[in-house]
Amino acid sequence: ADVAAVNGAAVDDADADAVAAVLRACRARLDLGDATGAEEALLAALTSCGDGMVGALRSSPEYAETLREVARMEGVLQDVLGGTFSDWALAAEVGVDYASLGMTVDAAAAEAMQADGGKGIKILYATEDRTLNLKITGLLPTHLGCTLPALASFVAMYHETALWKQWHPIVQGSGPAELWPRRPYHNLWHVPYRALMQSNVELVEERFFFLRDQGVFVMDLDGKSPDSELWKQYPPPKGYKVLPAANHMKLVVAVQKHTTAFTMTTAVEGERAIPGFIVRFIVSWLVPEVVRRMMRAGAACLKSDGPHSDATRADADGVYGECVRLAARGAELDEIEGRGVLLPGSMPPEAICGPRASLAAFERDYLRDKAGADDSVAAASPSAQTTPGGQDLEPPVEEQPRLYSAPDDALAEVQLAERADDDAPQCCWCGAGGTVRL
């Protein structure tokens with residue numbers, strides 16, 4: 001058969017057409033910022049095609065971009081749910097009176113919510129060097145007598161940037177300014193703030209991930225540090241200074257038939273240790289006030305006559321339809337798996353995602369299998385370091401363990417080097433000791 005080259009891999013004409021179709025579908029999702037949709041398109045092909053197509057797909061820019069974004073999402077899941085601090089201090093608990101918010105809670109949801117003790121929204125904090133870490137957890141009813149599920153309130157509050165002043169106490173003007181053409185799942189903003197007599201602006205990259213098979217939503221708001229190169233491309237608007245800190249906010253929401261568990265973490269990283277009076281201002285007033293406003297605004301987001309109603313009904317980007325389908329999938333999983341109530345303080349990634357079909361897992365398996373095949377070939381070949389009599393010509397060179405090797409050069413190869421003075425692993429890029437994790 002005639003052979004065509006697709007992204008450097010040899011495939012026949014029929015497979016070349018199939019590869020092109022898969023990559024078009026993948027690119028269409030990536031152009032919307034939908035990394036999990038791109039992952040779904042790739043995995044559907046990778047798990048049912050031959051080696052030639054696998055090679056062609058793995059060497060594509062679409063594969064590399066999707067793998068990078070999915071790895072980021074899985075990192076958020078681990079950071080938020082895996083637990084990194086043992087000494088979280090409770091800053092506040094914010095009670096929720098659903099009746100006063102105009103919401104109704106059915107009997108089944110009220111009973112299910114007792115699994116969390118009915119203590120409302122918990123706010124915890126921990127400090128580490130120059131970073132203030134915050135964690136907000138809660139268990140909400142999935143349905144509150146409205147058309148949209150509770151998940152849609154999280155999505156609407158952040159997605160409808162013109163309405164941030166409904167809930168954010170220090171955001172200025174008309175809220176975040178879009179710096180890219182608006183997309184459903186991935187955007188870049190200037191977020192203007194005024195607090196403590198200062199007017200600052202933050203550069204924030206927003207990502208939505210809908211894990212459609214698991215009934216899980218992940219959000220990543222990545223604030224850029226003051227020395228980020230992106231500030232050169234997107235300088236602060238007139239009258240604002242670059243925020244002398246970077247906020248990294250991550251949210252995981254697990255939806256079930258009756259309850260919706262969420263955990264949100266925020267890391268505020270300053271240029272130097274954050275003064276105690278600012279820490280007290282943040283944990284004792286700012287964050288509790290944000291949570292109270294978010295609950296009021298979240299309830300308003302779901303009402304047919306609320307300020308977000310025009311946007312949620314129009315659903316121009318399709319994200320509210322995603323919320324409805326995610327809630328339906330969560331209820332379906334409860335029936336299939338007989339799940340109990342997922343509690344926000346104790347739901348590790350494997351508990352809410354299970355053995356998820358993942359592009360990162362596919363890549364790990366592929367590299368492991370390829371390494372095993374290469375080892376088998378090497379074992380069957382005469383050693384280049386021994387004589388025919390089996391005498392070593394020179395001591396064998398011990399290879400450094402390879403953690404990950406990306407397709408093409410899309411992601412750099414990461415290796416571990418050993419310190420000269422001890423056995424602790426050391427990053428070969430920056431020299432940092434300890435565990436190196438991707």
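Begin by selecting arginine 313, which counts as exposed because its relative accessibility is 56%. Here "exposed" means over 50% relative accessible area, "buried" under 20%, and "partly exposed" in between, with a 1.4 Å probe and protein chains only. The structure is a predicted model, in which local features need pLDDT of at least 70 and side-chain atom pairs count only at pLDDT 80 or more, while totals for chains, interfaces and linings use all residues. Residues are numbered from 1 along each chain as its sequence is written, and side-chain values use heavy atoms, with hydrogens and water left out.

**Stop 1**

A salt bridge is counted when a side-chain nitrogen of Lys or Arg lies within 4 Å of a carboxyl oxygen of Asp or Glu. Side chains of opposite charge can pair when their charged atoms come close. Both aspartate 310 and arginine 313 belong to helix 9, three residues apart, or about one turn of the helix. Helices (H or I, at least four residues) and strands (E, at least two) are DSSP runs, numbered from the N terminus. Aspartate 310 is also exposed, at 57% relative accessibility.

**Stop 2**

Select aspartate 317 and arginine 182. Their salt bridge has its closest N and O atoms 3.5 Å apart. Aspartate 317 is in the loop between helix 9 (309–314) and helix 10 (319–337), and arginine 182 is in the loop between strand 6 (177–178) and strand 7, so the pair ties together parts that are 135 residues apart in sequence. Aspartate 317 is partly exposed, with a relative accessible area of 24%, and arginine 182 is likewise partly exposed, at 34%.

**Stop 3: further salt bridges**

Select lysine 122 and aspartate 116, which form a salt bridge with the closest N and O atoms 3.7 Å apart. Is aspartate 116 buried or exposed? Aspartate 116 is buried, because its relative accessible area is 18%. Next, select Glu69, Arg72, Glu205, Arg207, Asp220, Asp222 and Lys224 together; they are linked in a network of salt bridges. The total count is 30 salt bridges.

**Stop 4: tryptophan 285 in helix 8**

Move to tryptophan 285, which sits in helix 8 (residues 276–302). Tryptophan 285 is partly exposed, with a relative accessible area of 37%. Residues up to four places away in sequence aside, tryptophan 285 touches Pro169 and Arg280; contact means heavy atoms within 4.5 Å. Then select alanine 92: its C-alpha atom is 9.6 Å from that of tryptophan 285, although the two are 193 residues apart along the chain.

**Stop 5: the second largest pocket**

Select Leu243, Asn247, Val268, Ile282 and Leu286, which lie nearest the centre of the second largest pocket, out of 39 lining residues. On a 1 Å grid over the protein atoms alone, a pocket is an open set of points where a 1.4 Å probe fits, with protein on both sides within 12 Å along at least five of seven lines; lining residues have an atom within 4 Å of a point. Which element gives the most to this lining? Helix 8 does, with seven residues. Strands that each supply at least two residues include strand 5 (131–141) and strand 12 (259–270). The lining divides into 28 nonpolar, seven polar and four charged residues. In this division Ala, Val, Leu, Ile, Met, Phe, Trp, Tyr, Cys and Pro count as nonpolar, Asp, Glu, Lys and Arg as charged, and the others, Gly among them, as polar.

**Stop 6: the nonpolar cores**

Select Leu77, Val155, Tyr158, Phe217, Val218, Leu251 and Ile352, which touch the most other members of the largest nonpolar core, a set of 82 residues. The largest share of this core, 13 residues, comes from helix 8. Such a core is a set of buried Ala, Val, Leu, Ile, Met, Phe, Trp, Tyr and Cys residues joined through side-chain atoms within 4.5 Å. Now focus on valine 155: beyond its neighbours within four places in sequence, it is in contact with Phe208, Phe210, Phe217, Val319, Tyr320 and Cys323.

**Last view: the whole chain**

Finally, show the entire protein chain. It has twelve helices and 15 strands, and buried residues make up 45% of its 438 residues.
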